[in-house]
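Dear colleague,

Please read them with the model open beside you.

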Amino acid sequence: MGRNYRNCSKTSRVPRRPFEKDRIDAELKLVGKYGLKNKREVWRVGLVLSKIRATARELLTLDEKDPKRIFEGTAMLKRLTRLGLLDDNKQALDYVLSLKTEDFLDRRLQTRVFQLGLAKTIHHARVQIWQRHIRVGKQVVDVPSFTVRTDSEKHIDIALGSALGGGKPGRVKRKKMRRAEAGGGDEDDEE
């Protein structure tokens, strides 16, 4: 058995105070509203947000004409605008500090599928994505936490090979069709 030489960094950070009632209630509200699997998904978004905000704070301490602040600041603003987290009229590092966890959760594929009406509920959206019924462009995406960019948002649709999108029928429907062909169709009354 060989050694694993990969450097794996943590993707989420647990809260310092595990039993703080206000935080627990706020997290539970987010988990319910966005149909998340567990609180670790909230903590993961919180870690991404804290890293972005820390970078923005560090850049704000530099002089306005500093080349590092100009280069990295514009790159960060461009990336956040492409992800749909910042508007075109809010192109300043001060607006990066006002980002919230909900802004990131709104850009998830699961939330977008529900808002576009491709799923009945937010939980149904998660199941559809996991069962490979949803595509972004030509690519089937089966990760509910996939962050949707603004330019690819209009390309979210039902997958072509999916039973929901005109592909071959699913397992249960094929079974019913075989039963109807063999029995003459009189057993459909039971279901």
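**Salt bridges and arginines**

Arg135 and Asp157 join their side chains in a salt bridge, at 3.3 Å from N to O, where the term stands for a side-chain nitrogen of Lys or Arg within 4 Å of a carboxyl oxygen of Asp or Glu. This pair links distant parts of the chain, since Arg135 belongs to strand E1 and Asp157 to strand E3 (residues 156-158), 22 residues apart; helices (H or I, at least four residues) and strands (E, at least two) are DSSP runs, numbered from the N terminus. Arg135 is buried, with a relative accessible area of 17%, whereas Asp157 is partly exposed at 33%; buried means under 20% relative accessible area, exposed over 50%, and partly exposed in between (1.4 Å probe, protein chains only).

Please keep in mind that this is a predicted model, in which local features need pLDDT of at least 70 and side-chain atom pairs count only at pLDDT 80 or more, while totals for chains, interfaces and linings use all residues. Residues are numbered from 1 along each chain as its sequence is written, and side-chain values use heavy atoms, with hydrogens and water left out.

The whole structure holds 11 salt bridges, and Glu41, Arg44, Arg108 and Arg126 are linked in a network of them. Arg44 counts as partly exposed, at 30% relative accessibility, and Glu41 as buried, at 9%.

Two other arginines deserve a look. Arg112, in helix H6 (residues 109-115), counts as buried at 14% relative accessibility, and, leaving aside residues up to four places away in sequence, it touches Asp106, Arg107, Val148, Glu153 and Ile156, contact meaning heavy atoms within 4.5 Å. Arg132, in the loop between helix H7 (122-130) and strand E1 (134-136), is partly exposed, with a relative accessible area of 46%, and has a positive phi of about 65 degrees although it is not a glycine. Most residues other than glycine have a negative phi.
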